[in-house]
Amino acid sequence: MATKFVLIGSGLAGGLLAAYLGRRGHDVDLYERRADPREGNIVGGRSINLAISTRGIHALEQIGIADEALCHAIPMRGRMIHDKSGALHFSPYDVDPKNCINSIGRGALNTAVIEAAQRYPNVRVSAPTSILIPLPRNSSRPVQKGPCRPQILTVK
Ligand SMILES: Cc1cc2nc3c(=O)[nH]c(=O)nc-3n(C[C@H](O)[C@H](O)[C@H](O)COP(=O)(O)OP(=O)(O)OC[C@H]3O[C@@H](n4cnc5c(N)ncnc54)[C@H](O)[C@@H]3O)c2cc1C
């Protein structure tokens with residue numbers, strides 16, 4: 001039976017979950033306070049490039065976008081260590097030199113998962129909207145104020 005889901009945050013987890021739920025036929029509203037990642041500003045102080053490996057690739061395969069997303073990736077087979085004398089030492093990530101992890105841009109990956117979610121007509125992605133989530137009375141964490149059109153979501 002289709003269930004209604006409201007997801008707050010279309011980062012990597014929110015976008016991917018929206019695609020998974022959409023694929024199962026659930027009704028999904030995805031809210032994000034930042035602008036569309038295709039318009040920039042996705043990084044927000046975090047690393048620009050991420051390292052993606054088997055688990056992440058498996059998650060992308062489940063929604064059929066692994067090949068498409070990995071087009072943007074650069075294989076990383078190890079790290080180069082520069083010692084004090086200036087000599088270089090290569091330290092591989094795996095004993096098998098064919099294996100690698102992949103460097104991928106956060107914006108490209110985030111865009112790919114959101115677009116995968118949007119392929120399902122039952123998934124809707126909001127215009128930039130900041131959701132104010134009521135916190136328990138004894139919580140010391142401040143309520144986060146977003147830059148645009150705040151909405152209050154009552155969590156039951
Ligand atoms: C420096 C750094 C380096 C990293 N490197 C790697 C790496 O190499 N490989 C890797 O796999 N992982 C890496 N990570 C971890 C990775 O960034 C996180 O695991 C991943 O981003 C988590 O996804 P998420 O969707 O939970 O959160 P996020 O990607 O942070 O997405 C959360 C989204 O929710 C939105 N949001 C938050 N509150 C609200 C609200 N109230 N209303 C509306 N929208 C809201 C935010 O704007 C944001 O877009 C790194 C993290 C850091 C900090």
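How many buried residues are there among the 5 residues of strand β6? I will come back to that in a moment, but first a word on what we are looking at. This is a predicted model, in which local features need pLDDT of at least 70 and side-chain atom pairs count only at pLDDT 80 or more, while totals for chains, interfaces and linings use all residues. Residues are numbered from 1 along each chain as its sequence is written.

Now to the answer: strand β6, residues 88-92, is hardly covered, and its count of buried residues is 0. By buried I mean that 20 or more other C-beta atoms lie within 10 Å of a residue's own, whereas exposed means 12 or fewer and partly exposed lies in between, with C-beta atoms placed from the backbone. Strands, here and later, are DSSP runs of E with at least two residues, and helices are runs of H or I with at least four, numbered from the N terminus. Strand β6 is joined by 5 bridges to strand β5, residues 78-82, and the two run antiparallel; strands count as paired if DSSP finds at least two bridges between them.

Let me turn to the open sheet, where 3 strands stand in the order β1-β2-β8 with parallel pairing. β1 (4-8) and β8 are at the edges, each with a single partner strand, so one side of each has no neighbour in the sheet. From one strand to the next the twist averages 15°, where axes are lines fitted to C-alpha atoms, for helices over the stretch in contact, and angles run from 0 to 180 degrees between N-to-C directions. Between β1 and β2 there are 5 bridges, and V6 stands opposite D29 in β2. Helix α1 packs on this sheet, touching β1, β2 and β8, and its direction makes about 165° with that of β2.

If we take A18 and leave aside its neighbours within four places in sequence, A18 is in contact with L7, V28, L30, A117 and V123, contact meaning that the C-beta atoms, placed from the backbone, lie within 7 Å.

Let us stay with α4, where L109, N110, A112, V113, I114, A116 and A117 are buried. Among the elements that cover these buried residues are α1, β2, β3 (49-52) and β7 (101-105).

Finally, I101 lies in strand β7 and is partly exposed, with 19 other C-beta atoms within 10 Å. The C-alpha atoms of I101 and P75 are separated by 5.9 Å, although these residues are 26 residues apart along the chain.

How values were computed
Contact = placed C-beta atoms within 7 Å.
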